[in-house]
Amino acid sequence: MGKEIWQGTLALMVLQTLKVMGSLHGYGIARRIEQISNEQLLVQYGTLYPTLIKLEQEGLIHSEWGVSDNNRRAKFYTITEAGIRKLQKSMKDWELTTEVVASFFRLKEKE
Amino acid sequence: MIARIRSLLVRLGNLFRRTAQNQDLNEELQSHLDMQMDEFMQQGMSQQEAYRKARLKLGHPAPIKEACRDQQRFPLFDSLLQDFRFSLRFWKQRPLLVLAATVTLALAIGMNVAIFSTIDSILLTSIPYPDSERLVLISLLDESPRNESVTRSRLGNTELLEFWQQENKTMSGMAGYSAWMTTVGSGGDPERIYTALTTPDFFPLLGIQPLMGRFFSPEESRPGSNQVVILGHHYWQGRFGGDPDILHQKITLEGKPYQVVGIMPADFKPYVPGLGRNIGLFFPITEISGSLAKSPIINVIGKLREGTSLPQAQDELRALSGNYTGNRERLPEKFDVRVFPLHEELYGSYRPLLMIFLGCSSCILLIGCINLMNVILAQLTGRTKELAMRAALGAKRIRLIQQMLMECFVLVLPGALLGILVAAGLVHLMVTLYPLQLPRIDELKWSGNNFWFLIGCVLFSSIMIGLFPAWKLTRDHVADVHHISQSPTRSQNRTGAFFLAVQTALALVILSSATLLIRSFQELRMTDPGYRKEGILTSQVSLPEKSYPTPESHAMFADQIQKRLASIPGVHSAAITNSMPLVFNLLLSVDVQVPDSPYKEKQRIGTRAVSKDFNHTFGMPLISGRFLNEQDEKSLESVVVNQQFARKYFGDTSPLGKQLLFGEKSKTIVGVLRDIRNMKLQWEAKPEIYIPFAAYPSSMIDIAIYTDGNPASLTPAVRAELRQIDSSLALSQISTIDRNLNDQVMQWSFRAWILGLFAMLAIALAAIGIYGVTAYMVRLRNKEFGIRMALGAQPKTLLNQVLRYGMLAPMAGVIAGIPLALFTGKWLESMLYGIEPFDPVTYTSVSVILLAIALLGILIPSFRVTRINPAETLRAE
């Protein structure tokens with residue numbers, strides 16, 4: 001079984017996915033995240049949909065009803081300008097954090 | 001941050017489009033499921049298989065939807081709303097309980113809100129002048145060595161004020177004013193009205209604008225300038241019908257023409273010490289005339305410069321006054337300067353009383369809440385099952401507590417709303433019965449502060465009533481659905497007893513405070529003032545300087561009016577004085593030497609100038625010697641002293657025939673008069689001298705007439721006699737001795753009334769509480785008693801046991817309450833008269849009364865024990 005994802009991290013993944021893929025529905029986002037992680041990550045729908053609602057409330061994404069490739073009615077999400085800005089900032093923060101943590105771990109190995 | 005606010009707004013909006021949103025979510029999840037199925041079917045699964053697996057992968061939709069809804073809305077709000085609806089249904093089935101709670105809380109919360117609204121308007125509302133928090137009152141502390149004690153004193157001349165005004169750097173302004181009365185209406189119907197004398201900066205300092213015209217200019221405030229006057233709004237309306245043309249015209253006051261330069265705004269109220277509400281006329285302070293000119297009393301107010309502290313200002317004025325070399329006339333020989341915040345000066349003295357009121361009313365709310373809490377606790381036994389079931393279905397403990405608190409909130413709500421009406425009624429009653437006993441009572445209004453206080457009361461009551469039962473219930477029973485006990489547990493007994501003891505202690509504190517105040521009021525009312533308590537008409541005449549310029553003319557007028565008044569049919573005797581007991585609360589301070597006494601220094605002694613028959617009119621018995629007679633009024637060589645004087649200066653020897661030195665003049669003591677209560681009914685007499693009016697005549701003449709009948713009915717006759725002498729004079733301060741005495745005890749009666757009201761409610765609530773808890777206990781132990789009776793126990797033994805056990809809590813409460821009550825009594829000390837704060841009789845009787853009431857409350861339900869039918873109880877098992 002795959003690993004579960006924290007809500008905060010999931011939000012970032014959603015934003016990144018939407019930035020790369022353009023417009024996508026909830027199911028698509030979930031499948032995409034699972035595929036990219038080689039089915040290592042398992043998206044909890046009880047977390048995904050509230051996350052989508054939260055991002056939309058904060059104005060980071062935007063939703064619209066549309067029709068999918070295989071002719072299904074679905075709600076499509078797109079990232080907004082504010083969302084892109086937020087994503088860039090979060091990515092910087094993320095890199096910084098991982099770097100610090102990584103160097104911290106390296107320090108441990110030397111000893 | 002912006003994202004958060006946005007999110008909050010969206011959620012708020014969501015509250016109004018629930019259905020659409022639910023549908024949206026349902027569709028979204030359905031489309032998710034469909035797409036998942038599509039994918040599985042592409043992988044070659046059958047439709048049924050794909051459907052099953054897709055459902056499996058998505059999981060149960062309910063928790064997903066719930067999580068989404070929580071995100072869309074406010075989960076706490078939703079659950080509160082749900083609890084609110086549940087609580088409404090819950091209480092609908094228990095109307096009697098709701099009624100009891102509503103009555104209790106309406107009274108308790110209503111009292112609290114009423115008391116708070118007076119506190120709000122007196123202490124918390126600043127004086128309605130701009131920057132009023134910077135306004136201060138400046139007083140002199142008279143430290144003259146001859147003064148027995150250091151007293152506050154006002155300025156006796158304006159020079160010191162002018163010196164301060166010029167030299168100080170800590171005040172943005174200073175002003176002086178003096179209260180006065182003026183005779184107006186030179187026609188056939190003269191009357192005396194309240195007036196004020198002010199320096200030109202008085203109005204600008206208070207930040208007031210005239211309705212019309214202007215205030216005084218500095219030039220007009222110099223002696224010898226044009227005579228000008230400003231009309232009070234009320235007087236302008238009443239006397240001139242609000243005619244704007246009166247501005248700049250001349251009006252004649254006390255025989256002199258004054259030009260009207262301004263009219264005060266309608267909403268002006270003088271929030272300064274010493275000035276009454278209805279000031280009809282304002283004059284420049286240089287218009288001081290008549291007897292006021294001899295001993296002006298000038299109040300000084302100032303406004304601190306921004307950023308200046310009060311101690312800084314005080315230090316500066318003190319230092320300045322040390323360098324003052326100007327006119328020291330009518331200033332104390334040695335003095336210090338004190339600066340007081342104006343608001344505190346006006347209303348600070350009401351704080352202890354108002355705090356006592358608030359303390360008592362909040363205790364009452366506490367007692368009421370405990371009663372209701374007991375009811376809720378008693379209900380718990382019946383609700384264990386329901387709550388345990390809910391817990392088993394997954395409700396968290398905090399959620400159950402939330403629900404119970406919401407139930408209490410709903411229970412409190414109607415009482416609180418009704419409490420607003422009770423508060424309004426109580427305030428109305430207070431204003432009607434005691435209009436003058438609290439300041440600013442006419443400004444009482446429903447303010448924002450009151451609203452928050454009410455909300456506070458509601459939350460306090462809800463938590464007080466509900467938190468303990470909720471905590472207890474969820475602790476005891478949530479875990480175990482099957483553990484349902486119908487008999488009282490040990491801890492239930494203990495907590496019940498504890499709260500009963502608390503209630504008794506609180507009731508004891510309120511009851512003892514009320515008793516102390518009520519007995520003080522009674523003592524004061526029964527106090528013998530040393531003179532007649534009825535049958536005397538009192539009034540005042542003021543002689544204008546123009547027609548009565550000299551002291552001789554004052555003395556002559558006094559002699560004339562006294563003789564005329566005494567000749568009115570039905571009048572036993574009439575007298576003149578310069579100081580009416582209990583009305584004009586200042587005696588002349590005269591420096592006297594008492595050669596034959598141990599005191600060699602000059603003594604400053606309160607002296608009253610009186611006509612002959614003053615003792616007869618007031619019914620004051622002579623202890624020895626004789627009173628002043630017509631002969632003395634001519635020779636001015638005799639005086640009469642009071643008992644205190646005789647005791648202090650001559651001890652056991654008779655003062656009769658002893659000499660007193662008034663400056664160079666020597667006068668003989670011819671009689672000793674009984675001590676009387678002079679300024680305040682509660683103040684014991686000090687050494688005093690009675691001297692013929694002609695020796696110290698004044699233009700302000702108090703008259704007193706003793707008659708058998710209704711003294712007030714003599715007023716027209718007195719007016720007629722006055723008109724016979726001088727038709728331009730007016731009577732003022734017309735009153736009777738019983739009314740003056742009554743005015744003295746009003747404040748005491750007011751306190752006693754409020755505390756009495758509190759005490760009655762406190763006792764009633766405590767009694768209901770004791771009765772309720774005992775009745776409940778007896779019912780719960782029905783089974784036990786039945787079994788014991790079946791085993792041969794006597795009903796009497798059981799009854800004894802219940803009584804003994806039941807009385808434990810009230811007794812503990814009394815024991816715990818007594819130190820608290822003593823502490824409160826000590827705090828009340830300054831409001832007591834004729835009774836000690838630790839008066840043992842009060843505390844004993846109050847304790848006995850409370851225990852008796854407790855016994856009654858226990859006895860009534862206890863008798864049920866004796867009627868238990870053991871056979872029935874056993875069958876019920």
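In the predicted model, Ile364(B) is in contact, beyond its neighbours within four places in sequence, with Ala108(B), Met111(B), Ile510(B), Phe758(B), Leu761(B), Ala762(B) and Leu765(B).

Chain A contains an open sheet of three strands in the order 1-3-2, with antiparallel pairing. Strand 1 (24-25) and strand 2 (61-67) of chain A are edge strands; each has a single partner strand, so one side of each is left without a neighbour in the sheet. Two bridges join strand 1 of chain A to strand 3 of chain A (residues 73-79) in the antiparallel sense. Within this pairing, Leu24(A) has Tyr77(A) of strand 3 as its bridge partner.

Strand 3 of chain A also belongs to the side of chain A that touches chain B, where it gives two or more residues, as do helix 2 (26-36) and helix 3 (45-57) of chain A. Between the two chains, 17 residues of chain A are in contact with 20 residues of chain B. Helix 3 of chain A provides the largest share of the chain A side, seven residues. By class, the residues on this side are six nonpolar, six polar and five charged.

Key. Residues are numbered from 1 along each chain as its sequence is written. Chains are lettered from A and ligands numbered from 1 in the order in which they are written. This is a predicted model: local features need pLDDT of at least 70, side-chain atom pairs count only at pLDDT 80 or more; totals for chains, interfaces and linings use all residues. Two strands pair if DSSP finds at least two bridges between them. Helices (H or I, at least four residues) and strands (E, at least two) are DSSP runs, numbered from the N terminus. Two residues are in contact if their C-beta atoms, placed from the backbone, lie within 7 Å. Ala, Val, Leu, Ile, Met, Phe, Trp, Tyr, Cys and Pro count as nonpolar, Asp, Glu, Lys and Arg as charged, and the others, Gly among them, as polar.
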